[in-house]
Amino acid sequence: MTPIKLVSMLIEFRDMYSVETWSALLSEDSDPAISQVAILFTSTNLLLLAVSLVVAWLFFKKRTIFPKFFIGWVIFNQLILFGGIYYTSQTVDIGETLGIKDLVKTLLSPIFAVLCISYMLVSKRVKATFING
């Protein structure tokens, strides 16, 4: 579902990708912190989209490397999430941009990560499913 979610988020923020917006963001009059956040947001989401498509391909091909790649993907997502929150909090007032839903997702995310990683490492079903070299 991640690729679909990322594409919908990129579509939702499509106004941010217009020439006028980027000209304003990169002009000398704009706040460099906001420009940096916009560039970071865009590049990170495009990277996450590309990696999530690779993860989906490995899953459907039942590749033996999928569990390790998925674990790396989950850890990478955690680093991106908390790194993005930290970086954004250093450049803009994050209290105005994060809602209660975002806070709950952020607090539950490490729990989800630990559960997924544990399942990938221990499950006999995972070992029996991902058998294609």
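**Entry 1: ground rules.** I start with the burial scale: buried means under 20% relative accessible area, exposed means over 50%, and partly exposed is in between, with a 1.4 Å probe and protein chains only. By that scale Gln78 is buried, because its relative accessible area is 15%. I also noted that this is a predicted model, in which local features need pLDDT of at least 70, side-chain atom pairs count only at pLDDT 80 or more, and totals for chains, interfaces and linings use all residues. Residues are numbered from 1 along each chain as its sequence is written, and side-chain values use heavy atoms, with hydrogens and water left out.

**Entry 2: Gln78.** I placed Gln78 in helix α4; helices here are DSSP runs (H or I, at least four residues; strands would be E, at least two), numbered from the N terminus. Which residues does Gln78 touch, leaving aside its neighbours within four places in sequence? I found Ser109, Pro110 and Ala113, with contact meaning heavy atoms within 4.5 Å.

**Entry 3: α1 against α3.** Next I turned to helix pairs. Two packed helices are described by the angle between their axes and the distance between the axes. The axes are lines fitted to C-alpha atoms, for helices over the stretch in contact, and the angles run from 0 to 180 degrees between N-to-C directions. For α1 and α3 I noted axes that come within 9 Å and cross at roughly 155°. The two helices are therefore roughly antiparallel to each other; the classes are under 35 degrees for roughly parallel, over 145 for roughly antiparallel, 65 to 115 for roughly perpendicular, and oblique for the rest. α1 passes α3 in a left-handed crossing, that is, the near helix is turned anticlockwise from the far one by less than a right angle (clockwise would be right-handed).

On the α1 side, I listed Thr2, Pro3, Leu6, Val7, Met9 and Leu10 as making the contact. On the α3 side, the list is Phe41, Asn45, Leu46, Leu48, Leu49, Ser52 and Leu53. Sorted by class, this contact has 10 nonpolar, 3 polar and no charged residues. For the classes, Ala, Val, Leu, Ile, Met, Phe, Trp, Tyr, Cys and Pro count as nonpolar, Asp, Glu, Lys and Arg as charged, and the others, Gly among them, as polar.

**Entry 4: α2 against α3.** Helix α2 covers residues 19–26 and helix α3 residues 32–60. I noted an angle of about 135° between them, with their axes 8 Å apart. α2 and α3 are therefore oblique to each other, and their crossing is left-handed. From α2, Trp22, Leu25 and Leu26 meet Ile34, Ser35, Ala38, Ile39 and Thr42 of α3.

Entry 5: Ile34, in α3, is partly exposed, with a relative accessible area of 42%. Leu40 and Gly84 are 44 residues apart in sequence, with 8.3 Å between their C-alpha atoms.

**Entry 6: the core.** Which residues touch the most other members of the largest nonpolar core? Of its 17 residues, I wrote down Val55, Phe66, Phe70, Trp73, Val74 and Met120. Such a core is a set of buried Ala, Val, Leu, Ile, Met, Phe, Trp, Tyr and Cys residues joined through side-chain atoms within 4.5 Å. α1 (2–12), α3, α4 (66–91) and α6 (100–122) each supply at least two residues of this core. The largest share, 5 residues, comes from α4.

Not counting residues up to four places away in sequence, Phe66 touches Val55, Leu58, Phe59, Met120 and Phe130.

Entry 7: Phe59 is in helix α3 and counts as partly exposed at 40% relative accessibility. With residues up to four places away left out, Phe59 touches Phe66 and Phe130. Lys62 is in the loop between α3 and α4, and I flagged its positive phi of about 55°, as Lys62 is not a glycine. Lys62 is partly exposed at 41% relative accessible area. Ile65 lies in the loop between α3 and α4 and is partly exposed, at 45%. Ile65 and Leu26 are 39 residues apart in sequence and 41 Å apart in space, C-alpha to C-alpha.
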